[in-house]
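Let us read a protein model together, one feature at a time. Keep the picture open as we talk.

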Amino acid sequence: MATIFSRIVAGEIPCYKVAEDDKFFAFLDINPLVKGHTLVIPKQEVDYLFDLSDEDLAAMQVFAKHVAAAIKRAFPCIKVGQAVLGLEVPHAHIHLIPMQSEKDMLFSNPKLKLSDEEFREIADAIRAAL
Ligand code: AMP
């Protein structure tokens with residue numbers, strides 16, 4: 001069965017899309033730690049990030065780099081932090097999180113509750129900054 005993230009890529013499940021190319025896809029995390037918290041995934045269905053080929057892993061990191069630059073332009077921050085957990089969804093993903101302090105990277109923090117309109121505005125702002 002397809003992962004929830006593959007179903008997002010296929011358009012079967014809605015998301016707040018930020019960027020896409022032939023191999024990778026970026027969309028807002030639905031339970032964000034901060035505004036601008038974005039996930040980058042390979043379209044290829046691989047559970048563990050480090051099971052990607054060297055070429056795909058490198059290309060995914062370059063794709064994430066461009067998304068991170070747009071996040072930083074749209075949501076000014078000290079740096080965009082990157083984290084890989086993958087304990088919940090078995091489809092490799094990189095979390096990109098605009099940081100004002102290291103505390104913004106704490107996954108045990110309560111998640112933001114945003115309205116549909118707020119999510120749309122955030123995704124629009126990042127897309128416009130790409
Ligand atoms: P982890 O696998 O531990 O890195 O966590 C999975 C992340 O995916 C969590 O931060 C979830 O909020 C996020 N997530 C799960 N389902 C969705 C979805 N349908 N749309 C956007 N983000 C999601």
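Q: Is R120 buried, partly exposed or exposed, and what is its relative accessibility?
A: First, remember that this is a predicted model. Buried means under 20% relative accessible area, and exposed means over 50%. R120 has 48% relative accessibility, so R120 counts as partly exposed. D116 is also partly exposed, with a relative accessible area of 39%.

Q: What do the side chains of R120 and D116 form?
A: They meet in a salt bridge, at 2.9 Å from N to O. Both residues lie in helix α3. They are four residues apart, which the helix covers in about one turn.

Q: How many salt bridges does the structure hold?
A: It holds seven. One of them joins the side chains of E20 and K43, at 2.7 Å from N to O. This pair links distant parts of the chain, 23 residues apart. E20 sits in strand β1 (residues 17-20), and K43 sits in the loop between β3 (38-42) and α2 (54-74).

Q: Are E20 and K43 buried or partly exposed?
A: Look at the percentages. E20 has 37% relative accessibility, so E20 counts as partly exposed. K43 has 25%, so K43 is partly exposed too.

Q: What does the salt bridge between E118 and K35 tie together?
A: Start with the contact itself. The side chains of E118 and K35 meet at 3.9 Å, N to O. E118 lies in helix α3 (residues 116-128) and K35 in the loop between β2 (24-28) and β3, so the pair ties together parts that are 83 residues apart in sequence. E118 is partly exposed at 29% relative accessibility. K35 is partly exposed at 38%.

Q: How do strands of a sheet pair?
A: Strands of a sheet pair through backbone hydrogen bonds, either parallel or antiparallel. Here, five strands form an open sheet, and the pairing is antiparallel. Trace the order: β1-β2-β3-β5-β4. The edge strands are β1 and β4 (79-83), and each pairs on one side only. Neighbouring strands of this sheet are turned by 20° against each other on average, with direction ignored.

Q: Which residue is the bridge partner of T38 in β5?
A: It is L96. β3 and β5 are paired in the antiparallel sense, over three bridges.

Q: Which strands does α2 touch as it packs on the sheet?
A: α2 touches β1, β2, β3, β4 and β5. Its direction makes about 25° with that of β5. Now find α3, which lies across β1, β2 and β3. α3 runs at about 30° to β1.

Q: Which residues of the largest nonpolar core touch the most other members?
A: They are V18, L28, V40, V67, L96 and I126, in a core of 27 residues. β1, β2, α2, β5 (94-99) and α3 each supply at least two residues of this core. α2 gives the most, with seven residues.

Q: What does V40 touch?
A: Leave out residues up to four places away in sequence. V40 then touches F25, A26, M60, F63, A64, A92, H93, I94 and L96. There is also a second, separate core of seven residues, and among them are I8, F27, L39 and V89.

Terms used
Residues numbered from 1 in each chain as written. Predicted model: local features only at pLDDT ≥ 70, side-chain atom pairs only at ≥ 80, totals over all residues. Heavy atoms only, no water. Salt bridge = Lys/Arg side-chain N within 4 Å of Asp/Glu carboxyl O. Buried < 20%, exposed > 50% of the residue type's maximum accessible area, 1.4 Å probe, protein only. Core = buried A, V, L, I, M, F, W, Y, C linked by side-chain atoms within 4.5 Å. Contact = heavy atoms within 4.5 Å. Pairing = 2+ DSSP bridges. Axes fitted to C-alpha atoms, helices over the stretch in contact; angles between N-to-C directions.
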